[in-house]
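I am keeping short notes on what I look up in this structure. Each entry takes up one topic.

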Amino acid sequence: MAVAEMAAISAAITMAATGIATAWAEKVVGGATVGAMAEKPELFGRGLILMVLPETIVVFGLVIAIQLLAIAAKGP
Amino acid sequence: MLRPERMTRTLIVGPREKLASTIETLHAMKLLHVIDHHGEDETFRIGKPLSKASELSESLVKVRSIMNILAVKEPPKETEQVKLEALRQKILTLELNISEEDGTRKKIEGLLSDLTRRVEELRPFATLGLPLDIYRGYDSIAALVGRIPRAEATIAGAIPDAEVFQAGNVVAVFIAKGRAEPASDTLSRIGFSQIDIPKEGGDPKAMLAQTQADEAKWRARLEEVQGRLEKLRERYAGFVVAAQEALEVEVEKAEAPLRFAVSDHSFVIDGWVPATQAKDVVSRLSLLDVHAEASPPPKGHDPEEPPVLLNNPRPARPFEFLIHLYSTPSYHELDPTVFLGIAFPFFFGFMIGDVGYGALFVLFGAIALFKLPKDSVFRRLLLVTGVGGLWALALGLFIFGEAFGMPFHAPPGHPEELSWATFGVNIPLEGLIHKTFDIDDMMYLSILFAALHLGAGFLIGFANEIRQSKKHAIAKLGWFLCLFGIFTLLTYALRWNEIALWVWEVPLGWFPRTIEPLGLSGVLGVTIPLLSLLLILGAFLGFAESVIAPIEVAGLLANIMSYTRLAGIGVGKAAIAGAFNGLIIEDLIFTGDIGYLILGIVLLVLAQLVVFLLAWISAGIQAIRLNYVEAFIKFYKGNGTRFRPFGVRTKQEV
């Protein structure tokens with residue numbers, strides 16, 4: 001398979017995998033946060049911070065996907 | 001403005017008979033943050049509540065119970081003015097009235113639930129129609145009465161030598177006592193569930209009719225009572241709410257001595273007063289012949305940290321709630337409200353970067369400013385995103401040249417793209433960056449903002465630490481140098497991009513370009529500016545903080561990359577809006593069919609609404625996250641106590 005196609009597929013895999021990873025991590029954190037907030041509503045701020053932490057994963061995925069797409073567009 | 005309001009420790013001493021009047025004055029002034037006395041002293045014990053406290057709390061409990069019975073939840077539009085002296089009498093009368101009605105209501109409700117149960121019990125027997133005496137009084141016959149799941153199933157054939165009565169799904173089986181058990185097994189296999197036979201005798205149909213008549217009668221009575229309670233609520237809701245408020249204030253005052261130190265003849269109140277108002281408090285109290293003394297907090301770390309009252313210029317104040325949401329600053333550090341107040345709206349605006357949405361955010365912000373109540377969370381949320389909307393408007397107009405996800409003019413080289421010009425709307429501004437085609441520009445700008453934001457964070461951290469610990473201050477400086485090193489390295493590496501090249505050539509023009517130290521050009525095929533490498537080693541100044549600190553260089557790099565979410569959200573939002581616009585406008589609106597045109601316009605409005613809401617949520621959360629997670633951990637400690645002066649009623653914060 002040509003490099004351009006490989007790069008495009010890799011970009012798709014990167015986005016999908018990091019998206020799933022983020023979702024999974026946020027599911028864990030989100031569940032725990034809601035539980036903690038039921039006991040102490042003032043934890044909302046801290047909970048929000050923890051909740052959005054895993055989004056970095058998908059942001060990194062995006063950066064890598066964009067790099068890969070640049071390869072796909074230009075060729076090797 | 002960058003520091004919380006300065007506080008003075010204030011000690012108030014006076015004879016016990018002045019206690020009540022002192023409390024009254026302090027409560028009215030609302031300036032003293034009381035430090036609770038814990039009573040570890042032999043002479044000065046914890047004070048006892050004023051004599052009127054028990055009577056007041058009793059009234060308060062009564063008012064709350066009345067509120068509960070009347071189900072008063074929302075404060076009515078008009079609350080009455082109440083006089084404290086007349087309050088107790090009025091509450092007692094009202095309680096008498098209401099508790100009588102409430103008692104009646106409860107009794108009727110109990111009775112009704114009994115009657116309902118009785119109806120349920122009699123109903124199957126009424127359907128069968130046999131007199132109740134028939135079911136008992138036999139020596140050798142047993143009666144099994146119950147329900148079966150399906151009315152059409154016939155029992156008669158299933159059990160030999162038994163007399164079976166069936167009406168719908170209710171069945172009565174009369175059978176010899178010796179064979180009752182196997183019969184009952186057979187029955188339960190087809191889902192028969194037995195019911196108890198009422199104790200009394202008589203005609204079940206007549207009994208059911210009688211019970212139902214009783215039930216209807218009592219239900220009417222209940223409605224009457226509820227109607228009366230409803231009238232009482234309408235009439236007294238205003239009074240009850242006002243009375244509760246007044247009593248809560250009075251109880252707080254009467255119970256205040258529990259927080260003070262009191263000896264046999266005197267009292268001592270300890271607390272913090274904003275330094276600017278200390279003189280005022282002292283002079284007001286001296287009018288009462290009570291001695292007060294104010295002194296600034298001692299330097300260094302006091303076990304009793306002063307409470308924190310943020311002191312920001314008016315435009316920055318709406319952002320204070322975002323700081324408290326994270327953590328109240330400590331008294332000794334810089335207040336990051338202004339830092340957040342600049343960075344948050346800018347990041348928000350950069351991610352939105354659209355004239356149309358920006359204008360909507362500004363509009364909502366303006367509505368919130370003038371129409372919503374001051375303490376509403378929504379008002380503050382809409383205000384901060386409104387300020388972000390101003391940036392979105394400006395950037396959308398001059399940098400991105402875009403409104404509602406559609407560029408003003410088709411980007412160069414892509415004439416097929418929809419733009420406002422397609423509709424004949426000619427805006428004499430050309431977008432400098434086209435989000436979906438100039439992703440590399442967006443990425444580099446994100447890195448540039450990361451460097452500025454984090455750099456400012458390290459500098460604030462340096463200013464915070466320099467007065468506390470030189471070691472930590474040096475570490476912050478080291479990190480600042482390291483950040484600068486990484487930034488120059490990235491700029492150098494990305495200088496194929498126009499903006500990066502400009503930054504490398506102009507603002508960083510002075511930066512040494514030596515990339516061939518000792519003739520080591522291109523080791524491993526990579527060239528890097530020497531100074532960048534040396535600056536990154538600045539992280540080793542972090543040794544002063546912790547031995548493993550230098551490992552954090554990778555963490556800092558990850559922090560910088562994390563800012564590319566600014567580009568990610570910006571491009572993503574533009575792409576979603578562009579896709580909606582393209583699909584709906586080209587495939588529905590441009591078809592020329594009137595039906596499709598109307599459908600297209602409706603869908604377009606809905607799609608824009610979705611994009612707007614998504615943008616609001618994602619840009620808002622990401623902008624606040626960059627401040628909370630990436631920047632604040634570089635310098636901000638928090639954990640301060642909020643200034644809560646005696647006399648200010650605290651409401652539940654979000």
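I began with the cover over one helix: the buried residues of α2(B) are covered by elements that include α3 (84–128) and α5 (204–255) of chain B. Here I call a residue buried if 20 or more other C-beta atoms lie within 10 Å of its own, exposed if 12 or fewer, and partly exposed in between, with C-beta atoms placed from the backbone. Helices (H or I, at least four residues) and strands (E, at least two) are DSSP runs, numbered from the N terminus.

Before going on I noted how to read the model. It is predicted, so local features need pLDDT of at least 70 and side-chain atom pairs count only at pLDDT 80 or more, while totals for chains, interfaces and linings use all residues. Residues are numbered from 1 along each chain as its sequence is written, and chains are lettered from A and ligands numbered from 1 in the order in which they are written.

Entry: helix α2 of chain B.
I looked up which residues of α2(B) are buried, and found L56(B), S59(B), V63(B), I66(B) and L70(B). They cover an arc of only 80 degrees around the axis, so they sit on the same side of α2(B). The arc is taken from the directions from the helix axis to the C-beta atoms. The general rule is that an α-helix has 3.6 residues a turn, so residues three or four places apart point the same way. On the other side of α2(B), I found V61(B) and N68(B) exposed.
I then checked the length. The 18 residues of α2(B) (53–70) should span 26 Å at 1.5 Å a residue, and the end C-alpha atoms are 25 Å apart, which agrees. The expected span is 1.5 Å times one less than the number of residues. Just after α2(B), A71(B) takes a positive phi of about 55 degrees.

Entry: two other positive phi values.
F404(B) is not a glycine, yet has a positive phi of about 50 degrees. I found F404(B) in the loop between β11 (402–403) and β12 (406–407) of chain B. Is F404(B) buried or exposed? F404(B) is buried, because 20 other C-beta atoms lie within 10 Å.
N639(B), also not a glycine, has a positive phi of about 70 degrees. N639(B) is in the segment after α17 of chain B, and is exposed, with 12 other C-beta atoms within 10 Å.

Entry: α11 against α13 in chain B.
The axes of α11(B) (439–466) and α13(B) (498–505) come within 8 Å and cross at roughly 40 degrees. Axes are lines fitted to C-alpha atoms, for helices over the stretch in contact, and angles run from 0 to 180 degrees between N-to-C directions. The two helices are therefore oblique to each other; angles under 35 degrees count as roughly parallel, over 145 as roughly antiparallel, 65 to 115 as roughly perpendicular and the rest as oblique.
From α11(B), D441(B), Y444(B), L445(B) and L448(B) meet I499(B), A500(B) and V503(B) of α13(B).

Entry: chain A against chain B.
How many residues of chain A are in contact with chain B? I found 11 residues of chain A in contact with 13 residues of chain B, where contact means C-beta atoms, placed from the backbone, within 7 Å. On the side of chain A that touches chain B, α3(A) gives the most, with six residues.

Key:
Two residues are in contact if their C-beta atoms, placed from the backbone, lie within 7 Å.
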